[in-house]
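Trainee: I've never read a protein model before. Please take me through one, feature by feature.

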Amino acid sequence: METSDGLSNEQLDLILAVQLTVAWAGESGGDPPRLGWWESDLVDADAAGDLFSRLIPRTQKWAGLEAVRAAAIRIDDRRRAALATPDRSRTLFHLGFRTDERLRDRLLFHKRHNAAPATIFGKEFGISDNHSLPAFEAYLKQFPEAQTKVIPGAREVTTISKHLTEQVTQLASALLPISKEYPLPFLIAEGS
C-alpha cells in the first residue's frame with residue numbers, strides 16, 4: 001500500500017534495513033570490533049543485548065536495533081549540523097520529518113509484532129553474528145555506486161536519483177571507501 005508521500009511499507013522496510021545495518025556496523029563494540037563511528041555496543045548478545053534479554057526478553061533484538069539507530073541518528077545530526085545547509089541536506093538518518101516519523105512508526109510496528117528482523121528485512125539486512133569489514137563492504141557494493149564529491153567532514157552525492165529509496169541506497173554506497181570516522185554521506189534535497 002502506497003501512501004501520500006509515495007512510500008509503501010516495503011520501501012520503508014528497505015530504508016530501515018539499510019539504516020539498521022549501517023547503525024550496527026558503525027558501533028565501536030563487538031568481537032571483532034566494528035567501525036567505531038559511534039561509541040556503542042547495543043546489539044551484540046555479549047554486551048547490551050545481554051541486558052536487553054534480561055529486561056525485555058520478548059523485544060530484546062528490536063530494542064537493541066532501535067537503540068543503535070538512535071545512536072547513529074545523534075552522530076549523523078551532529079555532523080549534519082556542521083554542513084553549510086543542514087536543513088536542506090538529506091542523509092541516511094535524516095530523510096525529512098514526515099519520512100523519519102514514518103520510519104520510527106514502522107520500526108515500532110515491527111517491534112510490537114516481534115518477528116525476527118532478518119525475516120522481515122531479507123537480503124537488505126546486513127547484520128550478522130560476526131562483523132567483517134569485507135562483508136560490510138560487499139553489503140554496500142550491492143547498491144548502485146554513488147558519484148560523490150568529498151568536502152571537509154562529509155561526502156556529497158552529486159548525481160541524485162528521483163526516488164527516495166534509490167537516494168538511500170546511493171547514500172549507503174557513498175560510505176565507500178570506509179573511513180575511520182563516519183563520512184556523513186549527504187545530498188541536497190530537491191525543492192528544499
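Mentor: Let's start with a word you'll need all the time: a residue is buried when its relative accessible area is under 20%, exposed when that is over 50%, and partly exposed in between (1.4 Å probe, protein chains only). Keep in mind that this is a predicted model, where local features need pLDDT of at least 70 and side-chain atom pairs count only at pLDDT 80 or more, while totals for chains, interfaces and linings use all residues. Residues are numbered from 1 along each chain as its sequence is written, and side-chain values use heavy atoms, with hydrogens and water left out.

Trainee: Let me try the word out. Is Y139 buried or exposed?

Mentor: Y139 has a relative accessible area of 8%, so it counts as buried. You'll find Y139 in helix α6; helices (H or I, at least four residues) and strands (E, at least two) are DSSP runs, numbered from the N terminus.

Trainee: And which residues is Y139 in contact with?

Mentor: Contact means heavy atoms within 4.5 Å. Leaving out neighbours within four places in sequence, Y139 is in contact with A17, V18, T21, K123, E124, F125 and G126. Take K123: it sits 16 residues from Y139 along the chain, and their C-alpha atoms are separated by 9.2 Å.

Trainee: Let me zoom out. How many helices and strands does the protein chain have?

Mentor: There are 7 helices and 4 strands. Going from the N terminus, the order is α-α-α-β-α-α-α-β-β-α-β. Of the 192 residues in the protein chain, 46% are buried.

Trainee: What share of contacts joins residues at least 24 apart in sequence?

Mentor: Counting contacts between residues at least 6 apart in sequence, 65% join residues at least 24 apart.

Trainee: Next, the inside. Which residues touch the most other members of the largest nonpolar core?

Mentor: The general idea is that in soluble globular proteins, nonpolar side chains tend to be buried together. A nonpolar core is a set of buried Ala, Val, Leu, Ile, Met, Phe, Trp, Tyr and Cys residues joined through side-chain atoms within 4.5 Å. Here the largest one has 47 residues, and W38, L92 and Y182 touch the most other members. The elements that give two or more residues to this core are α1 (9–25), α3 (60–81), α4 (97–113), α6 (133–141), β3 (154–157), α7 (164–173) and β4 (185–188). Helix α1 gives the most, with 11 residues.

Trainee: Where is W38, and what does W38 touch?

Mentor: W38 lies in the loop between α1 and α2 (48–55). Its relative accessibility is 2%, so W38 counts as buried. Beyond neighbours within four places in sequence, its contacts include V22, A23, V68, I75, F93 and Y182.

Trainee: Now helix packing. At what angle do α1 and α7 pack?

Mentor: Axes are lines fitted to C-alpha atoms, for helices over the stretch in contact, and angles run from 0 to 180 degrees between N-to-C directions. For α1 and α7 the angle is about 10 degrees, with the axes 10 Å apart. These two helices are therefore roughly parallel (angles under 35 degrees; over 145 is roughly antiparallel, 65 to 115 roughly perpendicular and the rest oblique). On the α1 side, Q11, L14, I15 and V18 meet L164, T165, V168, T169 and A172 of α7.

Trainee: How many residues of α7 are buried?

Mentor: Helix α7 is mostly covered, with 9 of its 10 residues buried. What covers them includes α1, β1 (89–91), α4, α6, β3 and β4.

Trainee: At what angle do α1 and α4 cross?

Mentor: Roughly 90 degrees, and their axes come within 10 Å. That's why α1 and α4 are called roughly perpendicular to each other. Residues making the contact include L12, L16 and Q19 of α1 and R102, R106 and H110 of α4.

Trainee: Last one: what about backbone angles?

Mentor: Most residues other than glycine have a negative phi, and most peptide bonds are trans. In the loop between α7 and β4 you'll find L184, whose phi is positive, near 45 degrees. L184 has 0% relative accessibility, so it counts as buried. P177 is in the loop between α7 and β4 too, and a cis peptide bond joins L176 and P177, with omega about -5 degrees.
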